[in-house]
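Colleague: I would like to learn how to read side-chain contacts in a model like this one. Please take me through them feature by feature.

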Amino acid sequence: MQNKSAIRIFGILLAIACIYHLSFTFITNKVESDAKEYAGGDAALEMDYLDSMSGQVVYNLGLVKYTYAECKQREINLGLDLKGGMNVTLEVSIPDLLIAMSNNSQDSTFIKALRIASEQQKNSQAKYVNLFYNAFTTINPQARLSSPLIFGHKDQEMINIKMSNEEVRAILTREADQAIDRTFEVLNARIDNFGVTQPNIQKLENSGRILVELPGVQDPTRVQKLLAASARLEFYETYDNQEIFQYIQKANDELTRLRVVKSDKTDTLTTDTLAVSTETTTDTLAQNTTDSSVTSELSKNEDLSGDNQMTQEKFEKENPLFALLVPNIGTNDKNQQFYNPGPVIGYATAYDTAKIGEYLRMPQIKSILPKDLRLFWEQKSSADKPTNLMAFVACKVTRRDAKASLEGDVITDASFEPDDRKGGFRVTMKMNADGAKTWAELTKKNIGKSIAIVLDGRVYSFPNVEDAITGGISSITGNFTFEDAKTLASVLKAGKLPTPANIVEQAIVGPSLGKKAINAGLTSLAISFLLILAYIFFFYGKSGLNANVALISNVFILMGTLAALGATLTLPGLTGIVLTLGMAVDANVLIYERIKEELRAGKGLKLAISDGYKHAYSAIIDSNITTLLIALILMIMGAGPVKSFAVVLFWGILTSLFTAIFISRLIFEWQMKRKMTITFSTKLTENFLQNVNFNFTGHRKISYTITGTIMIVCIASFFLKGFNLGVDLQGGRSYTVVFDNTKITTPDIANALEAKFGTAPTVKFYGSSDHVKIVTKYRYNDSGEGVDKEIESEMYEALAPFYAQKISLEDFTDKEGIGISESYKVGPTVARDVKVKSVWAVILSLVMMFIYILFRFKGWQYGLGATVALIHDVIFVLGVFSIFDGILPFNLEIDQSIIAAVLTVIGYSINDTVIIFDRIREFISEGKQGKISNLINAALNSTLSRTINTSMTVFIVLIIAFLFGGEAIKGLSFAILIGVVVGTYSSIFIATPIIIDSNKRKEN
């Protein structure tokens, strides 16, 4: 084996890297275990403990130190199905955007085109703007979008009345795309402020949708309102720090008098990640600067003058507000303190912001503060401010109606570009005529002061005004980075148009369901792992121990890789690990079977091992590349749990290749160097399937007949019975409801709900006789505020009589372990897109497999045989789900996870087929003569031991996943289980016989 030293060094470095990345998970688990012990079952106290630890160093590596919050960002992420929480897909309302851009036009052609486009979008993947444009030009070819009655009105500066319809469409398309970016920025900020650990927000490319995952959320209704609301952009005048500090001092003194102490922690609406942001500047809105530094050094064990030292406990008791809020005080060269200029009155940790807010809302404190004072926290972090601190900005209300001095609806455009004069980037904003007039008065009045730009109650910028700004165009500078400038421009445009985001898909998983899923997933993983280790040792003896070490290394490296990538582990992801274990055995089996062949040929042990590895490489590489291609398709076209499954499968294949080819080989080298005894079988398995000569191809007409009959039956079922499509493929609402009564019947529940909904839902038991899954299309396309609560209330009225003990509406909707434990809503447009993507994923997989086989084996006969076998496998698996739905005692619903299973079956089946094809190719390249059928039979018999061993190990792990993995993955594991059996059959009895019947080489 060449380059042993390099491989050994790489392996050691890889192990160290994996230990490093996995260590963060162990650290956070230790902190969270301490929190549970400290809280004694009090959830609020446990959360307070973890919040207080967010900025504390919990992992000290000497040169590098990590806080608890930083460790949380690096630990292995758990998906909602394992942790509980909320998953929401939002779609920006482009119709609302167009209506706003038209200034609420009442033009009949415009209104009719909107209505037609909205209807067409339910069954189309085209962009809404294109649907609207086509409808508009079809209704009235002479109508102009630039008409003053539509988009050419005086307040719309981007569009003038001379523009053609095509020019207007281009602008509308651009604005629609930017609206998605703006919404993403706004949602990102809102989620940062929501106080959720490990949130995930991402734009779903080419769909105009945004995915939001919020683990551990306890109040879904509040989240829905938070995410779906339109942005609120405001401009405020500000107080100077010196003007307002005297009132803050009085508030601190009053709190001391009232003996309010810091330990009364009640509000938890905070976030671990918020910190102080950069103070932005403008050409005529100039930077807020000072020669002094922010007094982060003003510690909590000093009084405000800094003359007297006191204990932290005494300081907190005598200064309850300043114990949390660090005053914005500078220190000069003579160590004298003074008020820093500008509107920032102090800084606080994210954890303490809620308590400060609680103090300032107290009636006794509110009476001290000026009535026109509005205090806002700054949004973004900055490297030049104290670590983990947020700026507190003092704003002033000057209007009689108590509103901001100027609101975001006056913004007509905002953009950013490089700033050649000051460096970095600058942001330019434009206002309409009314806004420009107000802005000129506002800036003239506040020369030398700051104006705060506030979005959704958070300050994004508070630049100084150098001069009055007329004309409505302002340029904001300040050495912005590209991302900072892009964010501020998005913030300014967010207030320009009301473009709410509609919730088109939603899933809520209760924490108890997540715990059950973790237990079930880990149980199936542990049992599968132990059984595989036992089976490999039983079959291959001492060399099986080498394979087991490689398998253990594989799991370790895979988990380390997932942690390093920040991948999210879901229940299907755990199934992916289980499946990876089974498939990882395949490479070892291929190598060991080839070594056994070399030993039977009379070669010495060292040469047999060397040649065994060498001859197995091509089959291993080909079979794993095909599965990698399938995993890539799933990663690209899948989302959520399906994508998690694909990521695990993809990296699992790569890590299994490394461990099987290199780790096990290094162990063999080490054993041979020490002249240790190495065996590749036991007495019971020594002659397993040796010298067999089954005539597989001689009965191919029988297999064709059997296969054809089964295919006809399956296809007939597709048309006559159809499929039980999941909510994600057909749209609708799905609920998992837990009862306290095992005597319930599904027909009674369905009848009770039908009486409420006016339409019959599908009701089935889900895992046990007290868990019921309810699927309905009742109001599933209604995304209005409060709709979900209304439906849950109607369900409660219908289902309350089925409980043995009286249950309240609150317990039915919110209590853990009873009532609604999981809910899922998918709108029609999302369901349509998922269905189309699923079909294309299967077609693309089949085409890619055909092309790859054609390329690698240089014969269309191989590609044809493999593709026909794969089509057979897909039809068979789907046929089982169609025929036996409602017959078997578990759910055979086809959803995204089943599509993932079908693609996995394609990958497994082609893996099996490639191994056989590789041996046929080897026999032909060696010049073996005779009938093609005899060569193929020889190839089938020579690989039969490998086929049986690999199929057996994969079958074992899937049986365990099916039995112990929980109800959520039962369908997924069952589909792959069926696919493994039928894939093995098709590789032997379909793919290879087709090569014979399509080959020009005659039977001679």
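Modeller: Start with a charged residue. Lys72 has a relative accessibility of 7%, so Lys72 counts as buried. Keep in mind that this is a predicted model.

Colleague: Which residue does Lys72 form a salt bridge with?

Modeller: The partner is Glu75, and the closest N and O atoms are 2.7 Å apart. Glu75 has a relative accessible area of 6%, so Glu75 is buried as well.

Colleague: How many salt bridges does the count come to?

Modeller: The count comes to 32. One of them joins the side chains of Arg257 and Glu254, at 2.6 Å from N to O. Both residues lie in helix α10 (residues 241-257), three residues apart, which is about one turn of the helix.

Colleague: Are Arg257 and Glu254 buried or exposed?

Modeller: One of each. Arg257 is at 57% relative accessibility and counts as exposed, while Glu254 is at 16% and counts as buried.

Colleague: What separates Arg665 and Glu669 in helix α20?

Modeller: About one helical turn, because they are four residues apart in that helix, which covers residues 641-673.

Colleague: On to the rings. How many aromatic pairs are found in the whole structure?

Modeller: The search finds 41. Phe24 and Tyr66 make an edge-to-face pair, with 4.9 Å centre to centre and 90° between the planes.

Colleague: Why does the pair of Phe24 and Tyr66 tie together parts that are apart in sequence?

Modeller: Phe24 belongs to helix α1 (residues 4-39) and Tyr66 to strand β2 (residues 65-67), so the pair ties together parts 42 residues apart in sequence. Phe24 is buried at a relative accessible area of 0%, and Tyr66 counts as buried at 8%.

Modeller: For another geometry, take Phe757 and Tyr778, a stacked pair with 4.4 Å centre to centre and 15° between the planes. This pair links distant parts of the chain, 21 residues apart: Phe757 is in helix α23 (residues 746-757), and Tyr778 is in the loop between β26 (771-776) and α24 (787-799). Both Phe757 and Tyr778 are buried.

Colleague: Which residues do ring pairs link into a cluster?

Modeller: They are Tyr535, Phe539, Tyr540, Tyr592, Tyr613, Phe668 and Phe680. Arg169 lies over the face of Tyr133, at 4.1 Å from the ring centre, and Lys396 lies over that of Tyr239, at 4.7 Å.

Colleague: Which residues touch the most other members of the largest nonpolar core?

Modeller: Ile853, Ile906 and Phe917, in a core of 131 residues. Helix α28 (residues 896-925) gives the most to this core, with 16 residues. Apart from it lies another core of 29 residues, including Val129, Tyr133, Phe151 and Met158.

Colleague: What does Phe917 touch, not counting residues up to four places away in sequence?

Modeller: Phe917 touches Ile853, Phe857, Tyr862, Ala866, Ala991, Thr992 and Ile995.

Methods
Residues are numbered from 1 along each chain as its sequence is written. This is a predicted model: local features need pLDDT of at least 70, side-chain atom pairs count only at pLDDT 80 or more; totals for chains, interfaces and linings use all residues. Side-chain values use heavy atoms; hydrogens and water are left out. A nonpolar core is a set of buried Ala, Val, Leu, Ile, Met, Phe, Trp, Tyr and Cys residues joined through side-chain atoms within 4.5 Å. Buried means under 20% relative accessible area, exposed over 50%, partly exposed in between (1.4 Å probe, protein chains only). Helices (H or I, at least four residues) and strands (E, at least two) are DSSP runs, numbered from the N terminus. Contact means heavy atoms within 4.5 Å. Rings of Phe, Tyr and Trp (its six-membered ring) pair if their centres lie within 6.5 Å; planes under 30 degrees apart count as stacked, over 60 as edge-to-face and the rest as tilted. A charge sits over a ring if NZ of Lys or CZ of Arg is within 6 Å of the ring centre and within 35 degrees of the ring normal. A salt bridge is a side-chain nitrogen of Lys or Arg within 4 Å of a carboxyl oxygen of Asp or Glu.
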